[in-house]
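Please look at the structure first.

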Amino acid sequence: MSAENSATGAGTGTAPLVPLHCLRHLEPGPPRLGALPTGTPVWLVSRHADVRQVLTDPRLGRAPLYAPDAPPVSLTPNLLDAPQSLLNIDGTEHQRLRRTVQRAFTPRAIARWRPWVASVVEALIDELIDQGPPADIVAAYTRPLPVAVISRLMGLDGLDGKRLAHWSDHALSTIAHSAEAIGNAMAEFAAFGASVIAERRDRPGDDLVSSLLTAAAEDGSITEQQLITLVIGLVVAGHETTMTTLGNALVYLLGDGRDAWQRLASDEASAAAATEQLLRAVPLGDADHLPGLLRRTVEDVEIGGVVIPAGSVVAADTGAANVDPEVFTGDLLTELFSPLAAPMYTFGAGPHHCLGAWLARMELELALHRLARRLPSLRLARPTEQIDWRRGLLTRSPNALQVAW
């Protein structure tokens with residue numbers, strides 16, 4: 001297998017995969033024992049209320065997953081396994097580091113970016129129309145939009161999109177790349193992050209990295225390595241998940257959900273409602289290598305009527321919780337424009353709730369509404385069985401998606 005090209009599907013099998021909105025989820029029920037690909041036992045939690053408990057109960061944390069006595073949770077550690085990253089620390093240390101960036105991601109702060117993001121959306125659609133059909137909407141739209149947004153937010157104008165894609169694929173790799181390849185790519189990515197920090201210390205600007213450095217200097221306890229990991233983590237998180245969600249949403253909306261396209265174009269409120277439902281019902285990836293958001297118990301915890309012993313690894317299956325029939329009775333065909341019946345957990349919950357949730361929502365709403373309005377006859381140019389998927393990563397989305405109008 002060629003590790004370097006397997007993320008595009010060439011090295012990890014080419015059997016047709018179902019679109020993400022067609023994935024079957026774990027049947028809801030009490031927590032049950034399974035195993036991670038490493039062989040580590042894991043408690044699988046699938047019911048809506050139980051998943052919320054796992055994500056919000058302080059007796060379960062991220063830091064214990066990387067304690068000296070912790071069992072292995074990944075075959076080839078990637079960026080998400082960095083023990084000192086924002087994702088993998090808990091308690092007051094986590095709150096302190098999170099405060100350095102969270103002001104940039106409040107709903108009010110994000111709202112200020114809306115006119116500019118809308119202008120980027122319109123410019124990309126202009127270029128897509130000028131290019132003419134058929135076109136690859138991943139290359140023309142779903143990939144460049146979030147890259148442009150996070151680059152502007154962090155003051156990274158001119159960032160090489162191919163380098164960013166290379167780093168992101170390795171940062172979120174499960175089996176697509178070897179441990180050595182991931183290590184090399186992450187070392188290069190960290191060097192990039194260090195150079196950005198050094199440059200911004202010399203010439204601060206009106207951007208997220210400069211704000212982060214100011215807050216870190218005032219705090220005085222944040223290490224240089226934490227700053228670097230935070231910067232490169234924000235770069236990946238700022239574009240990868242939005243690109244993935246937008247690509248998979250279009251697979252649904254231009255295929256099985258094509259009847260909704262006209263209403264999506266009608267107004268931004270409809271697009272906002274549809275965005276919430278798509279975020280709820282279309283998972284970011286397969287559960288083969290990561291069956292949920294992982295936590296580890298620090299003491300015995302009863303969840304859903306089952307006592308889970310201290311030191312256990314627990315996976316909160318947000319995909320299953322988001323379609324728990326005890327809470328969500330409809331599907332995308334019937335509920336696309338309806339308010340959510342309950343909170344969805346695509347962005348997690350509790351202290352590790354995704355910082356970029358409001359930014360992702362805003363990008364998706366604008367991207368879907370304006371694309372439907374400008375191109376009412378947009379459709380898939382090939383059957384979904386012929387989609388070339390990005391494989392071997394924590395996320396899965398089309399590597400390319402041919403469309404026509």
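Helices α2 (91-102), α6 and α9 (208-219) each supply at least two residues to the lining of the second largest pocket; helices are DSSP runs of H or I with at least four residues, numbered from the N terminus. The largest share of that lining, four residues, comes from α2. The model is predicted: local features need pLDDT of at least 70, side-chain atom pairs count only at pLDDT 80 or more, and totals for chains, interfaces and linings use all residues. Residues are numbered from 1 along each chain as its sequence is written, and side-chain values use heavy atoms, without hydrogens and water.

The pocket has a volume of about 410 Å³. Its lining has 18 residues, and W113, L153, D206, D207 and L208 lie nearest the centre. A pocket here is an open set of points on a 1 Å grid over the protein atoms alone, where a 1.4 Å probe fits, with protein on both sides within 12 Å along at least five of seven lines; lining residues have an atom within 4 Å of a point.

Helix α6 (residues 144-154) also packs with α10 (residues 224-253): the axes come within 8 Å and cross at roughly 155°. That makes α6 roughly antiparallel to α10 (angle over 145 degrees). The contact (heavy atoms within 4.5 Å) involves, among others, I150 and M154 of α6 and L234 and H239 of α10.

Residue classes are tabulated below, with Ala, Val, Leu, Ile, Met, Phe, Trp, Tyr, Cys and Pro as nonpolar, Asp, Glu, Lys and Arg as charged, and the others, Gly among them, as polar.

| Site | Nonpolar | Polar | Charged |
|---|---|---|---|
| Contact of α6 with α10 | ten residues | three residues | no residues |

Terms used:
Axes fitted to C-alpha atoms, helices over the stretch in contact; angles between N-to-C directions. Parallel < 35°, antiparallel > 145°, perpendicular 65-115°, else oblique. Points joined across faces, edges and corners; volume = space filled by probe spheres on them.
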